[in-house]
Every structure is written in structure tokens, then in C-alpha cells.
Amino acid sequence: MDAKQAEVRVLEAEIAALKRAVVELPSPGEDTARVQKSLQEIYQSHPEGWVSSKDLRSNLRHLESELLFLSTLTDINIRNYSKKTEDLTSTEMTEESVKKVLQRHRLSGNCHMITFQVEFQTLEVQNKENLSSVITDLNIITEPTVYSELSEFVSRAQERRDLLMFFQTLHSFVKWCEYRKRTFKHFKEKYPEAVLLSEGASSSYMGIRSPSQPGFELVIVWKIEIEEGGKVFPKLDLLTKVPQQALELDRNGVVETAPLSFRTLLGVLGIEAALESLIRSLCTEENN
């Protein structure tokens, strides 16, 4: 019976963690509400109802179903998971009805093109009144390593031992990467002669050349940055490649002020409309 009660406590702790994750992760409204309601029903159920192994297996199957839905919702897929438990309870603690358990977790998975391996330790302390659990060690490896912004963030998440922040930020970071890729691909297909993607749609920059003015090119540098607290946001800049002769003729400083004008355009129109406007301005003469 003690073993089954221990399993129940572990499940309750995991369900509580999932409940917090669903509340805090970005989600599309109604689907998240369904997950929250379902997990809350499990969380609030009485442990006495889980006494039989049949009930326990039934609740496990239900939890696995909700975990699968949560993976679909967040695009985070856990491929492998293992856990080792070590009882640190001393004789004195037992006499005082205190139990201390160290758990070593290891999991691996992916979020679209980013794969990760996570190892962490949790220390669980239980007494007559409450149960507390804290992460005491966290190690994260992500691939590919070409995303320097993500690598820097992972180091911060490890220092803070903040596993939830890691998964939240990874989810947002990948969404922005996928959006950038779709946007670059869209404009390459729409303006094949004007748009250059020398490193493919997954790169962080896109070239725009003027079909009627050889040597004149604009470069959009689209970085995805992560703030100290894990917030993800896009940063777009405009670089110009203009022949020296054209620069000498630009007495109004149009080329020099182009990056600032582009940022203003972004603020007014948004990313896609601003890029569309920029490309069309270079293709106007050809279209005419």
C-alpha cells in the first residue's frame, strides 16, 4: 500500500506541474481550457479513489492522453524519459515523520527542428503538513548550435534552474523561426527575380536586388532575440549595398537614412507589409 501511495503522490506532483505549464504556456484559447479542465479534474480527485491498481492504470491512461494533446498543442515532443529515485530520509527524519527523496530525471525530445537533452535533479521533502519539491541541478543541451541566441539563453536557464522558462522560451523561439522561414519563402516564390536567399529560407537574412539597377541591393537581417527573462521578440534591420557612384549622386541622403526609415515602416505596417512595400518599391520600374 505504501508503494501505491507513493506512486499517487508522484502523479499528483506531476499533474500539478502540468497544470502550471498549461496555465502559463501560450495557447489557442479553447483547447487550452479543455486541457486545464481535464487536468484539474484529475488533480482534485481523492487519493482514496486511486487505491486499486485498476483505477491507477485508468488514470495513467487518461494522463497519457492529455500529455499527448499537450505535446500537440505546444509542439514539444518528449521522446525518451527516465527517472532514478534515492531515499535520503534519515532515522531521525523518520521519527519526526519527515521524508526526503532525491529524483534524477533525464529526458530528450524536440520542438520542430530543435532537439534537446535535459537532465535535472529534484529534491522532495514531505512532512505531516506539506510537500515541497525544488530543482537542485539542471543541465540542458540543444542542437543545432547555429542558433547563438538560444545557446546563450540556455546558459541562463541552467544558472537559474528554471526548467519551465526553458520550455516556454523554446516554444516561442521556434514559432518565430518558423514564421521567419515561411515569410522568406513566401517572398522568394512571389518575387523570384528580386529576392535572394543564398542560404535558403531558414537563414536569418534575405537579399533584395533591383532588376533594373545592377549592383544595388538591400539586405534584411532578421534576428530572433531572447530577453533576460526569456521573452522572445524579432529584430529586423536593413543594410544597403549601393555602388559608390550612386552614393555620390544621393545628395538627399536617402541611402543613409534607409535603415531608420525601414524601422519606422515596420512600426506602422508590420513585418510582412513592410517587406512587401520594400520589395515592390525596387520592382516598380520593372513592373511598369
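How many bridges pair strand 5 (residues 195–196) with strand 6 (residues 205–209), and in which sense do the two strands run? In this predicted model, strand 5 and strand 6 pair in the antiparallel sense, over two bridges, and within this pairing Val-195 stands opposite Ile-208 of strand 6. Strand 6 is in turn paired with strand 7 (residues 217–226), again in the antiparallel sense, over five bridges, with Met-206 placed opposite Ile-220 of strand 7.

For the protein as a whole, the secondary structure comes to nine helices and eight strands. Of the 288 residues, 34% are buried, and the protein exposes about 17300 Å², of which carbon and sulfur atoms supply 49%. Among contacts with a separation of 6 or more, 52% are made by residues 24 or more positions apart.

Four strands form an open sheet in the order 1-2-3-4, with antiparallel pairing. Strand 1 (77–87) and strand 4 (131–143) stand at the edges and have a single partner strand each, so that one side of each is left without a neighbour in the sheet. From one strand to the next, the twist averages 15°. The pairing of strand 1 with strand 2 (residues 99–111) is antiparallel and extends over ten bridges; here the bridge partner of Lys-83 is His-105 in strand 2. Helix 5 (residues 148–160) packs on this sheet, where it touches strand 3 (114–126) and strand 4, and its direction makes about 155° with that of strand 4. Helix 6 (residues 163–190) lies across strand 2, strand 3 and strand 4, and runs at about 155° to strand 3.

Two residues illustrate the surroundings of these elements. Ser-132, located in strand 4, is partly exposed, with a relative accessible area of 36%; when residues up to four places away in sequence are not counted, Ser-132 touches Leu-123, Glu-124 and Val-125. The C-alpha atoms of Ser-132 and Thr-122, which are ten residues apart in sequence, lie 10.0 Å apart in space. Thr-183, by comparison, belongs to helix 6 and has 4% relative accessibility, so it counts as buried. The side chain of Thr-183 reaches the backbone oxygen of Tyr-179 at 2.8 Å, and, with residues up to four places away in sequence again left out, Thr-183 touches Trp-222, Glu-272 and Leu-275.

A search of the whole structure finds six salt bridges. One of these joins Arg-104 to Glu-86, with the closest N and O atoms 3.1 Å apart; Arg-104 lies in strand 2 and Glu-86 in strand 1, so the pair ties together parts that are 18 residues apart in sequence. Both count as partly exposed, Arg-104 at 36% relative accessibility and Glu-86 at 33%. Glu-228 forms a salt bridge with Arg-160, the closest N and O atoms being 3.3 Å apart, and this pair links distant parts of the chain, with Glu-228 in the loop between strand 7 and strand 8 (232–241) and Arg-160 in helix 5, 68 residues apart. Arg-160 is partly exposed, at a relative accessible area of 41%. A further salt bridge, at 3.1 Å from N to O, is formed by the side chains of Lys-190 and Glu-276, and connects helix 6, which holds Lys-190, with helix 9 (residues 271–287), which holds Glu-276, across 86 residues. Lys-190 counts as partly exposed at 44% relative accessibility, whereas Glu-276 is buried at 15%. Finally, salt bridges with shared partners join Arg-156, Arg-160 and Glu-228 into one network.

Note on methods. Residues numbered from 1 in each chain as written. Predicted model: local features only at pLDDT ≥ 70, side-chain atom pairs only at ≥ 80, totals over all residues. Heavy atoms only, no water. Pairing = 2+ DSSP bridges. Axes fitted to C-alpha atoms, helices over the stretch in contact; angles between N-to-C directions. Contact = heavy atoms within 4.5 Å. Buried < 20%, exposed > 50% of the residue type's maximum accessible area, 1.4 Å probe, protein only. Polar contact = N/O pair within 3.5 Å; in protein donor to acceptor, adjacent residues only side chain to side chain. Areas by Shrake-Rupley, 256 points an atom, 1.4 Å probe, with all protein chains shown as cover. Salt bridge = Lys/Arg side-chain N within 4 Å of Asp/Glu carboxyl O.
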